[in-house]
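Welcome, and thanks for taking a look at this one with me. Here are a few points to read with the structure open beside you.

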Amino acid sequence: MTQVQARLITNKSNIAYLSNFTGSSGFMLLTKGKKYLFTDFRYIERAQNSIKKGIAIVDTTRMWRNKKELVENWGKILKKHKVKTLGVEESDLTVSRYKFYKKISKGVKLSDISGEMEQIREKKSAEEIKLTTKSQRINEKVFLEINKIVHKHLKSRSRKAILEIDLAWKIKELGNQFGAEDVSFDPIVGFGKNSSIVHHNPGKAKLKKGEIILVDMGMKYKGYCSDMTRMIFTGQPSEKEIEVYNTVLEAQLAAIKGIKAGMTGIKADALAREVIEEAGYGEYYQHAGGHGVGLDIHETPSLSQNFQGKLKENSIITIEPGIYLPGKFGVRIEDMLLVTKKGNKNLTKLKK
């Protein structure tokens with residue numbers, strides 16, 4: 001870790017991890033002797049009722065109105081803890097915000113600590129694993145209902161068509177109904193040829209019987225995200241659809257079988273990618289093979305062709321190979337894994 005006397009934490013997920021504070025306005029200062037949470041009157045009571053013990057709350061309401069007071073109070077705290085070098089999360093700051101912190105930290109050198117907290121967060125505690133698993137159980141429950149809605153509609157004689165945006169909205173409604181506090185990202189629902197668009201934005205496309213549906217969805221439970229992709233077949237799939245689906249499934253199962261702690265992101269990505277390339281579909285698989293999941297839907301590590309870092313024991317990752325044939329259809333299958341010393345545990349229990 002970077003050698004600094006204190007750390008300024010501005011990333012909202014890092015603040016939540018360290019303090020349980022989830023307000024939209026605030027930052028933290030971590031010194032060797034004390035932790036501070038700076039926020040204004042809108043969140044003071046909320047912070048008092050939710051943050052971890054041992055964290056001092058600093059009310060910035062008057063300070064923001066009087067910048068001189070802010071500079072003086074901030075300076076006193078830095079001086080009290082003999083801070084000469086302050087770590088800042090540069091990747092989280094705009095240029096103007098960086099200049100602001102530099103201006104109020106007179107006589108103190110700013111040093112980049114981007115990624116430090118994310119590396120600490122990579123390894124999940126037993127409680128974090130429990131919350132992520134619960135999030136995924138809600139996710140699976142929602143998907144089963146979506147699947148029922150699709151097939152029930154296809155069997156009915158209703159003239160009203162189902163739109164992609166209808167299913168995306170229903171995913172959000174059901175998530176709330178089943179105990180999620182939010183979705184972890186806007187659901188991706190692609191009918192037919194729209195399934196070939198990796199991050200398709202659900203629109204007003206009408207479902208036609210026989211089309212395949214790609215559903216990529218996730219829930220958030222007590223701050224922790226889940227992520228899963230499944231394919232729904234609304235009729236007898238074509239030979240090409242069967243071939244592509246089975247290739248993606250084979251690739252995903254190969255990755256699940258081989259992934260373990262200590263493996264680089266490059267090697268983990270290659271487990272599935274090589275299967276797809278050998279089947280002749282390499283040019284139709286251009287995204288990373290997976291990513292970390294936690295308080296954010298995309299966290300460290302990355303399972304990609306350029307991530308040289310190693311997977312850590314007790315990290316949670318996705319495995320999501322796909323093949324996308326432009327203008328025709330696409331297939332992606334995604335599960336979440338808990339990385340272990342000797343292998344992994346699949347946190348996704350829903351059938352493929």
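Are Phe 27 and Trp 74 buried or exposed?

1. Both Phe 27 and Trp 74 are buried. Please keep in mind that this is a predicted model. The two rings form an edge-to-face aromatic pair, with 5.9 Å from centre to centre and 75° between the planes. Phe 27 belongs to strand β2 and Trp 74 to helix α4 (residues 67-80), so the pair ties together parts that are 47 residues apart in sequence.

2. In total, the structure holds nine aromatic pairs. One of them joins Phe 21 and Tyr 43, edge-to-face at 6.0 Å centre to centre, with 85° between the planes. Phe 21 sits in the loop between α1 and β2 (27-31), while Tyr 43 is in the loop between β3 (35-39) and α2, 22 residues apart. Phe 21 and Tyr 43 are buried.

3. Two lysines are worth a look as well. Lys 141 lies over the face of Phe 178, 4.6 Å from the ring centre, and the charged end of Lys 134 sits over the ring of Tyr 221, 5.9 Å from its centre.

4. Now turn to the largest pocket, which holds about 530 Å³ of space. Its lining has 21 residues, and Ala 16, Asn 20, Lys 222, Tyr 224 and Leu 295 lie nearest the centre. By class, the lining residues are ten charged, six polar and five nonpolar.

5. The second largest pocket has about 250 Å³ of space. Of its 14 lining residues, His 199, Asp 216, His 291, His 298 and Glu 320 lie nearest the centre.

Technical notes
Residues are numbered from 1 along each chain as its sequence is written. This is a predicted model: local features need pLDDT of at least 70, side-chain atom pairs count only at pLDDT 80 or more; totals for chains, interfaces and linings use all residues. Side-chain values use heavy atoms; hydrogens and water are left out. On a 1 Å grid over the protein atoms alone, a cavity is a set of points where a 1.4 Å probe fits but cannot get out, and a pocket is an open set with protein on both sides within 12 Å along at least five of seven lines; lining residues have an atom within 4 Å of a point. Grid points are joined across faces, edges and corners, and a volume is the space filled by probe spheres set on the points. Ala, Val, Leu, Ile, Met, Phe, Trp, Tyr, Cys and Pro count as nonpolar, Asp, Glu, Lys and Arg as charged, and the others, Gly among them, as polar. Rings of Phe, Tyr and Trp (its six-membered ring) pair if their centres lie within 6.5 Å; planes under 30 degrees apart count as stacked, over 60 as edge-to-face and the rest as tilted. Helices (H or I, at least four residues) and strands (E, at least two) are DSSP runs, numbered from the N terminus. Buried means under 20% relative accessible area, exposed over 50%, partly exposed in between (1.4 Å probe, protein chains only). A charge sits over a ring if NZ of Lys or CZ of Arg is within 6 Å of the ring centre and within 35 degrees of the ring normal.
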